[in-house]
Every structure is written in structure tokens, then in C-alpha cells.
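The sequence and the structure are shown first, and the description follows.

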Amino acid sequence: MLTIQLIINALAVGSIYAVTALSFEIAYESTGVVNFSTGQLVTAGALVGASVTAIGPHLAPVAYLAVIVAMAALGLLFFVGAYLPLRNRPVLTVIIGTVAVGILVQNVSLLIWGPLPIAVASPVGNATIRLAGLVVPTHALFVILVTMVLILAVYFLLYRSPLGTQFRALAQDPETARLIGVPVMRLYALTWMLACALAGIAGLLLAPMWFVDVGLGDSLALKAFAAAIIGGFGSIPGAIIGGIAVGLAEVLGASYISSSYKDAIVFALMILFLLFRPQGLFGERVADRA
Amino acid sequence: MLRCSNLCVSYGAVQALKGVDLTVAEGECVALLGANGAGKTTLLRAISGLVRPRSGEILLQGQTLGGMAPERRARAGIAHAPERRRIFPGLTVLENLQVGATAVRGLGARMQEDLDRVYAMFPRLAERRTQRGWSLSGGEQQMLAIGRALMARPRVLLLDEPSLGLAPLLAEEVYVRLADLAHTRITILLVEQNTAMALAVASRAYVLEHGEIVLHGASAELMDHPRVKEAYLGA
Ligand SMILES: Nc1ncnc2c1ncn2[C@@H]1O[C@H](COP(=O)(O)OP(=O)(O)OP(=O)(O)O)[C@@H](O)[C@H]1O
Ligand SMILES: [Mg+2]
């Protein structure tokens, strides 16, 4: 029984890692940029949500909408202010650029929200429900549900819509995508809006579980990075499975081994993957990415 | 329809095109011949906007293309089936064709008509419509590259070495289709090293050497031209 309860918690935590990894992966797949500001974007989303719920806890559902809008706007800013000027520069310059964006977002967050941790209400409150003798926090179920909806939405966007085919064509061969008329700049802008919105939602999902401060996203981003490696860098299903796997490893490791080692367990797992299966669980065939 | 005048392109210090003049009239199939490194691909890339000319002009229906981006040229009616086909490896045959229609907006139901037309032209693509691009043979990839370009309902079709890397029989098959296509009076600029096949399909041809047009004329004339016979037809 205890194990099932733990697994539900692990799935909730893993879902948040999965959404963060999805944000990271979508940006990487479409633009080739490894976004080192993901953690700070997660934090920004949580803080925007915190401000909305601070007005009144009944606004918690509205907070999700507000975060999507605010973070999409931030994504557009990211596209215009960082991606466009840097996109033809060497990879290292672009990476440093995203780190700089992260620092900027973090400092602006600090200016607006200050250093004190903020408590954030969940749209489903902080109750627990009893299910067949299990005690499950309603927020954990909510997180899992929202994540499933997001994954389905991303799936339909990327794999079942004409726009998604254009996205995948662009990811596989940008030059040829331009030759067939794919509006590449518009798609890059959309990519950053989507990546930022997903990161923001991840932050808002996490917020009721932890107190929110400007450092909230930092460790989350590291876990999402581990999730991307374990799932297979460059694979969208991999990001999702990797996120869940990291959540399971962390929660089960913490309860069966020792909670002081939970981060170490995750990173040990990541290093094992790097050593023995660098393509991750869903390593794509090289031919797919030719 | 398409006209290049005094086109010069350089890669750093290398001058790939040195003042090329070329026209393709509406409904005409024109071949561009030349050896490895002559600058054929460079010319097509300049027309579709992937490389910036250093000087000279490219006109589509009398309008200069200037610094227009490749994706906008695609929407203006230039479809380019690039060298080595460049099929999207992770997309299925059907998705490769669908995405090929990106340049034509508001296609809606007519998309199916266009798909049917491509499938009728290359029945093998219809059989393999759910297969991923990377899993196709070279010949099938070439058919797909041509089909994908046709999905854009182009005003001008640029084809870069459609016979490249194909077994003779397959190359022949592709050229039979190209001949049919040329009969539909679609405007084509065909780059090819396989001179005999290209001259059989095109009505006129240009010969490019070291970035300069050295000869041009009707295909029938060029076929009998001593220089072409010696250098390009291996006779
Ligand atoms: N990206 C590039 N950078 C530098 N030089 C290039 C580049 N692309 C082509 N060149 C040079 O420009 C010249 C023309 O090349 P191009 O590819 O246009 O020739 P081609 O006629 O298409 O040859 P092939 O039949 O082998 O495809 C060659 O000397 C080539 O080395
Ligand atoms: Mg070439």
C-alpha cells in the first residue's frame, strides 16, 4: 500500500520533470539550442502564478491561463532579444546567451518578488483523498492529469497537425524546410513561446508542493536535464519517459535507500546512462536525424 | 518566366559563378549541363535564395527577387528539388508530400487532388505512403523529391541531378516521368551531368564550365555539337 502511495507521488514529481524536459527538448529539437535558462523560466512561471493566487485562492485556475499568456510573451521576448541576434553564432556563444537570459530572468524575478519564499495554493486545494485505503494528495492527481493533457496536446500539435509536420521538417532539415516555404522565423518564435509556456506550467505545478522562491527552478532544471539524457537527448517521448523515470528513481530511492542520497541516485543513474547507453532509452536511429 | 542576368556568386575567394545569363521561358524545359564543380548547384541555390549573389539579378516573371528569403521565393512559385534529394528522413512519404504543399495556402480539399496526381505519376510512392523517408531506396527518394516539389504547384521547377546515384534502369524510369512532366508544359530548369538523358527531355540547354556559360542552344543542335560530343557524351 505504501508503495502505491509512493508511486503516485513519484509519478507526480516525475510528471513535473517530464513537462520541464519537454520544454527543454522542444526548444532543442526545433532550434538546436540547449536552453540553460529553463530553470529560471520554471521559476518565473511559478512566481507569476503565485502573484495571481495571492489575490485569492479561488483564482488558482486562472493562474494557469495567466502563466501561459505571460510565459508565451516572455518566449517571444526571448526569441527577439536572444535567439534572433545569436542564432548564427557559434554554439558556445548561444549557450552562454541562454545562461545570460537565465541570470537576467532570475534577477528581474528577485526585483519583482523579492527573496522570501511564497506559498501557492493548488486549484484543487491541499486536501487528500482516500482511495481503497490509500491517502493521496489531490494535487498529485491534478499534476498527473494536467501533464497527461499537456502531453496529448503536444502530441497532436507535433504529430497530427499540418503545423506539426512543418515543425518536424524544420527540425530535420532547416534548409530544405525553407525551400518548401516553411515560415521558419514564425516557427522559431512559436517554439520559444511554447517552450517558455511549458516551463512556466511546470513551475506552477510544482509551486503548491514546495515553497516558491527565486531558486525553485534551478534543481528542477538539473533533474529535467538528467531526464532528457536518460530518455534520449533529442527525443520527445524520451523526455517524457525520462522525467517519469527520474521521479521514480528519486522518490523510491529516497524511501528505500536514504533521502539524503536522492539527488545522488538520480545523477548516478544519469552517469550510468552516459557511460553505457549514451543514446538513452529512446535513442533515435542516426538515420532519422540525418 | 525565369531569367538570370550577369549573375556572380562567390564563396570567399572562390568565384563559383562569373556572370551567368540564362532564361527559361514559360512552359519550357531547359537543361543546365556541366562537369563536377562547374557551378550548377550554386546557380540553383542562388535562384531559390539559399546563396546571395555578389552581383547580377534574378527575375521571376519580370519581378526581381533581390534579397527575398528562400521561404518567400517558395511561396512566389519557385520549387527546388535539391541535390541528394534531401527527403525529410523522419517523416512518412505522405507527410513529405503534404509538407511539400506548405507554399500554397488555402489548398484544403485540393491537396488530395495533388496527392493523387503525384501518386499516379509515381505509383511506388502510393504503395509506400506510410513508410519513413529514410527507409526508401535512392530511386524512391528521388521520386519523392520530385513529387514533393510538385505539391507546391510551382511556376518554376528546379531539379538538381535527379539521376545522381541511381542505377541506370532507375534513372531511366525517373526520366520517363520527367519527360511526361515536361509534356505538361510545366516550366523546368534541369541540372544534370547525365547529358544524354537531359538533352532527350529538355528543348534547350546551357553548358556551364568553371562558372561561365560556354555554350547554349536547342538540345538537338547541342547533341551534334563536337564539343558536347567530346566532353559530355563520351563519343
Ligand atoms: N559552400 C561552399 N563553400 C565553398 N565553396 C563551395 C561551396 N559550395 C560550392 N563551392 C565551390 O563552388 C564551385 C561550384 O560548386 P557547385 O556545387 O555549384 O558545382 P556543381 O556544378 O553543382 O558540381 P556537382 O556536379 O559536383 O554537383 C566548386 O568549385 C565548389 O568547390
Ligand atoms: Mg551540384
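His210(B) is exposed, its relative accessible area being 61%. In this predicted model, His210(B) is located in the loop that links strand E9 (204-209) to strand E10 (212-218) of chain B. Its phi is positive, at about 45 degrees, although the residue is not a glycine. Most residues other than glycine have a negative phi.

A positive phi of about 45 degrees is also found at Glu161(B), again not a glycine. Glu161(B) belongs to the loop between strand E7 (156-160) and helix H7 (168-183) of chain B. Is Glu161(B) buried or exposed? With a relative accessibility of 5%, Glu161(B) counts as buried, because the limit for that class is under 20%.

## Salt bridges between the chains

Side chains of opposite charge can pair when their charged atoms come close. Over all chains, a search of the whole structure finds 16 salt bridges. One of the pairs consists of Glu95(B) and Arg168(A), whose side chains meet with an N to O distance of 2.9 Å. This pair crosses between chains: Glu95(B) is in helix H3 (residues 93-100) of chain B, and Arg168(A) is in helix H6 (residues 162-172) of chain A. Glu95(B) counts as buried at 13% relative accessibility, and Arg168(A) is buried as well, with a relative accessible area of 9%.

Which residue of chain B forms a salt bridge with Asp173(A)? The partner is Arg86(B), and the closest N and O atoms of the pair are 2.8 Å apart. Asp173(A) lies in the loop between H6 and helix H7 (174-179) of chain A, while Arg86(B) lies in the loop between strand E6 (78-81) and H3 of chain B, so the pair joins two chains. The relative accessibility of Asp173(A) is 10%, and the residue therefore counts as buried. Arg86(B), at 28%, counts as partly exposed.

Arg86(B) also forms a salt bridge with Glu175(A), where the closest N and O atoms are 3.2 Å apart. This pair likewise crosses between chains, from Glu175(A) in helix H7 of chain A to Arg86(B) in the loop between E6 and H3 of chain B. Glu175(A) is partly exposed, with 26% relative accessible area.

## A salt-bridge network in chain B

Which residues are joined into one network by salt bridges that share partners? The network contains Arg124(B), Glu127(B), Arg128(B), Glu140(B) and Glu173(B).

## Helix packing in chain A

The axes of helix H2 (residues 38-55) and helix H3 (residues 60-86) of chain A come within 8 Å and cross at roughly 140 degrees. That angle makes H2(A) oblique to H3(A), because an angle must be over 145 degrees to count as roughly antiparallel. The crossing of H2(A) and H3(A) is right-handed.

How is H9(A) oriented relative to H11(A), roughly parallel or oblique? The axes of helix H9 (residues 216-231) of chain A and H11(A) come within 9 Å, with a crossing angle of roughly 30 degrees. H9(A) and H11(A) are therefore roughly parallel to each other, since angles under 35 degrees fall into that class. Their crossing is left-handed.

## A contact between two glycines

Gly283(A) is found in the segment after helix H11 (262-276) of chain A. The C-alpha atoms of Gly283(A) and Gly232(A) are separated by 4.8 Å, and the two residues are 51 residues apart along the chain. At 28% relative accessibility, Gly283(A) counts as partly exposed.

## A nonpolar surface patch

Four residues, Leu104(A), Val108(A), Leu111(A) and Ile112(A), form a nonpolar patch on the surface. Together they have about 440 Å² of accessible area.

Where in chain A does Leu104(A) lie? Leu104(A) is part of helix H4 (residues 91-113). The relative accessible area of Leu104(A) is 56%, so the residue is exposed; the limit for that class is over 50%.

How values were computed
Residues numbered from 1 in each chain as written. Chains lettered and ligands numbered in written order. Predicted model: local features only at pLDDT ≥ 70, side-chain atom pairs only at ≥ 80, totals over all residues. Heavy atoms only, no water. Patch = residues over 30% accessible without salt bridge, like charges linked within 9 Å, V, L, I, M, F, W, Y side chains within 5 Å. Areas by Shrake-Rupley, 256 points an atom, 1.4 Å probe, with all protein chains shown as cover. Helix = DSSP H or I, 4+ residues; strand = E, 2+ residues; numbered from the N terminus. Buried < 20%, exposed > 50% of the residue type's maximum accessible area, 1.4 Å probe, protein only. Axes fitted to C-alpha atoms, helices over the stretch in contact; angles between N-to-C directions. Parallel < 35°, antiparallel > 145°, perpendicular 65-115°, else oblique. Left-handed = near helix turned anticlockwise from the far one by under 90°.
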